[in-house]
Amino acid sequence: MVKICCIGAGYVGGPTMAVIAIKCPAIEVVVVDISKPRIDAWNSDTLPIYEPGLDDVVKACRGKNLFFSTDVEKHVAEADIIFVSVNTPTKTRGLGAGKAADLTYWESAARMIADVSKSDKIVVEKSTVPVKTAEAIEKILTHNSKGINYQILSNPEFLAEGTAIEDLFKPDRVLIGGRETPGGQKAVQALKEVYAHWVPEENIITTNLWSAELSKLAANAFLAQRISSVNAMSALCEATGANVSEVSYAIGKDSRIGPKFLNASVGFGGSCFQKDILNLVYICECNGLPEVANYWKQVIKINDYQKSRFVNRVVSSMFNTVSGKKIAVLGFAFKKDTGDTRETPAIDVCKGLVGDKAQVSIYDPQVTEDQIQRDLAMNKVSVVWDAYEAAKGAHGVCILTEWDEFKKLDYQKIFDNMQKPAFVFDGRNVVDAEKLREIGFIVYSIGKPLDGWLKDMPAVA
Ligand code: NAI
């Protein structure tokens with residue numbers, strides 16, 4: 001029986017291993033983490049992350065061939081294949097602060113593997129890491145190898161939060177990078193056999209190590225770039241009377257462009273896009289490529305611009321001040337169907353509104369009050385468990401996550417209980433703006449022709 005151990009029971013480690021376990025009943029999968037509360041939650045009825053379909057998969061194999069444990073060293077020692085799926089955040093201090101990936105967690109995982117291993121191991125980079133990380137990991141593992149053979153593979157994860165289980169069941173592709181030596185190729189083959197249990201052979205791509213590592217950073221940069229491109233267009237649409245949805249549809253019909261990832265919004269969020277692009281920028285700079293670095297940096301600058309443009313629009317529409325006014329924020333997660341708030345645009349928007357002294361009342365179907373208060377730290381906001389409660393007595397409503405339930409709200413009821421004039425600022429273009437206007441709302445939709453009211457207000461940055 002092949003034994004797999006995954007270090008890191010987070011958004012990637014948990015769902016990825018649960019899917020391997022359900023698809024490969026003959027493989028024993030143990031997910032380990034240093035965080036006891038996280039492991040306890042994985043072993044309970046309330047999993048630590050919300051992801052559609054995840055509960056069913058975990059319940060089907062937990063206790064059979066899927067286990068969650070804090071006994072990191074024991075399970076690493078026993079495993080044949082070790083996935084490392086620890087967090088790789090942006091460095092906050094020291095060399096490369098604000099850009100480079102912080103590999104502290106990765107390095108300590110690698111050192112621990114080297115310390116406890118007694119048999120040959122395949123070590124798989126599941127975390128997103130800078131290109132060339134495998135070289136450093138190899139040095140750590142083999143420095144004191146006691147004759148043990150280590151093969152390092154890069155197997156970046158392309159799942160998207162909110163659709164993780166769907167993505168893992170039917171991945172567009174699985175990417176495996178390895179050394180071009182007989183040992184490296186044998187390890188690639190061993191990992192390929194795991195995925196081949198459910199992924200068609202033609203969708204499993206094998207490359208050299210550096211291509212696999214770089215492809216993950218490149219994929220995130222390209223995806224984020226599409227969002228920033230359409231968001232840049234949305235500003236021009238508002239200035240000219242064009243409609244960004246019509247423009248997106250028209251350009252997406254071109255098969256060379258395609259229709260996906262072309263929705264204008266208040267900006268992208270999530271733990272990966274910003275961190276991975278900053279990392280890419282840093283790698284370009286370190287390789288003496290400042291032009292390339294600046295090109296990708298612009299994707300983040302447009303995202304920051306889009307968030308502040310939204311706040312400015314809210315403030316300028318409401319007579320240039322929101323001081324003392326109640327603003328309801330619907331949605332705090334960085335996208336629908338997840339409770340994850342890492343880098344969510346809602347953080348910057350709420351901080352901007354509180355900075356202008358608004359009284360912000362937040363509702364999100366999945367994010368806890370504790371999490372929101374932690375994310376907003378010194379900014380005083382209230383958190384409620386109902387969209388109608390959030391909007392009661394408010395001057396304006398800001399929709400910041402595209403939760404399906406926001407499309408179905410009783411906007412007449414919301415309007416009746418709001419101050420007038422009542423505003424809706426739709427940061428995700430989810431509501432039917434015309435219907436809301438019939439009710440009496442003044443509506444701002446990103447990248448759409450502006451209401452007469454908004455046109456008359458001073459231009460925004
Ligand atoms: P996460 O923060 O949810 O999980 C990481 C886990 O690793 C934490 O529970 C932490 O306690 C644990 N950990 C850290 N050091 C450890 C150690 N030495 N031993 C044992 N456990 C340790 O992070 P997430 O979101 O799962 O991301 C993991 C990696 O996957 C990152 O590199 C990320 O960039 C990448 N990734 C994330 C995606 C996402 O949608 N969240 C998608 C694709 C890749």
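Strand β6 (residues 150-154) is largely enclosed by the rest of the structure, because 5 of its 5 residues are buried. A residue counts as buried if 20 or more other C-beta atoms lie within 10 Å of its own, as exposed if 12 or fewer do, and as partly exposed in between, with C-beta atoms placed from the backbone. Helices (H or I, at least four residues) and strands (E, at least two) are DSSP runs, numbered from the N terminus. This is a predicted model, in which local features need pLDDT of at least 70 and side-chain atom pairs count only at pLDDT 80 or more, while totals for chains, interfaces and linings use all residues. Residues are numbered from 1 along each chain as its sequence is written.

Both faces of β6 are covered, with Y150, I152 and S154 buried on one side and Q151 and L153 buried on the other. Strand β5 (residues 121-125) pairs with β6 in the parallel sense over 5 bridges, where two strands are said to pair if DSSP finds at least two bridges between them. Within this pairing, I122 has Q151 of β6 as its bridge partner.

The domain assignment, whose bounds come from an automatic or database source, gives domain 1 (3-199) and domain 2 (209-461). Taken over C-alpha atoms, the centres of domain 1 and domain 2 are separated by 32 Å. Across the boundary, 28 residues of domain 1 are in contact with 26 residues of domain 2, contact meaning that the C-beta atoms of two residues, placed from the backbone, lie within 7 Å. On the side of domain 1 that touches domain 2, α6 (133-143) and β7 (174-178) each supply at least two residues, and β7 gives the largest share, 4 residues. That side of domain 1 divides into 15 nonpolar, 8 polar and 5 charged residues; here Ala, Val, Leu, Ile, Met, Phe, Trp, Tyr, Cys and Pro count as nonpolar, Asp, Glu, Lys and Arg as charged, and the others, Gly among them, as polar.

A further set of strands forms an open sheet of 6, in the order β11-β10-β9-β12-β13-β14 and with parallel pairing. Its edge strands, β11 (382-383) and β14 (442-445), each pair on one side only. Strands β9 (residues 326-330) and β10 (residues 359-363) pair in the parallel sense over 5 bridges, and V329 stands opposite I362 in β10. An unreviewed UniProt entry places the feature "domain: UDP-glucose/GDP-mannose dehydrogenase C-terminal" at residues 328-433; UniProt positions are given in the numbering used here, feature names are shortened, and annotations may be inferred rather than shown by experiment. The end C-alpha atoms of residues 328-433 lie 17 Å apart, and the span is 29% helix and 17% strand.

The ligand is surrounded by 27 residues, of which the closest are G8, G10, Y11, V12 and S127; a residue is near the ligand if its C-beta atom, placed from the backbone, lies within 6 Å of it. Helix α5 (residues 104-116) supplies the largest share of this shell, 3 residues, and the shell as a whole divides into 12 nonpolar, 11 polar and 4 charged residues.

The unreviewed UniProt entry also places the feature "active site" at C272. This cysteine lies in the loop between α10 (244-252) and α11 (273-286), and, not counting residues up to four places away in sequence, C272 touches T128 and N220.

| Residue | C-beta atoms within 10 Å | Class |
|---|---|---|
| C272 | 24 | buried |
| F261 | 16 | partly exposed |
| E73 | 13 | partly exposed |
| H143 | 10 | exposed |
| A377 | 8 | exposed |

E73 has its place in helix α4 (residues 72-78), and, leaving aside its neighbours within four places in sequence, E73 is in contact with M112 and V116. H143 is found in helix α6, and its C-alpha atom is separated by 9.8 Å from that of R111, 32 residues apart along the chain.

Some backbone details also deserve attention. Most residues other than glycine have a negative phi, and most peptide bonds are trans. F261, which is not a glycine, has a positive phi of about 60° and lies in the loop between α10 and α11. A377, also not a glycine, has a positive phi of about 40° and lies in the loop between α14 (369-376) and β11. A cis peptide bond, with omega about -5°, joins K420 and P421, and P421 has its place in the loop between α16 (411-416) and β13 (423-426).
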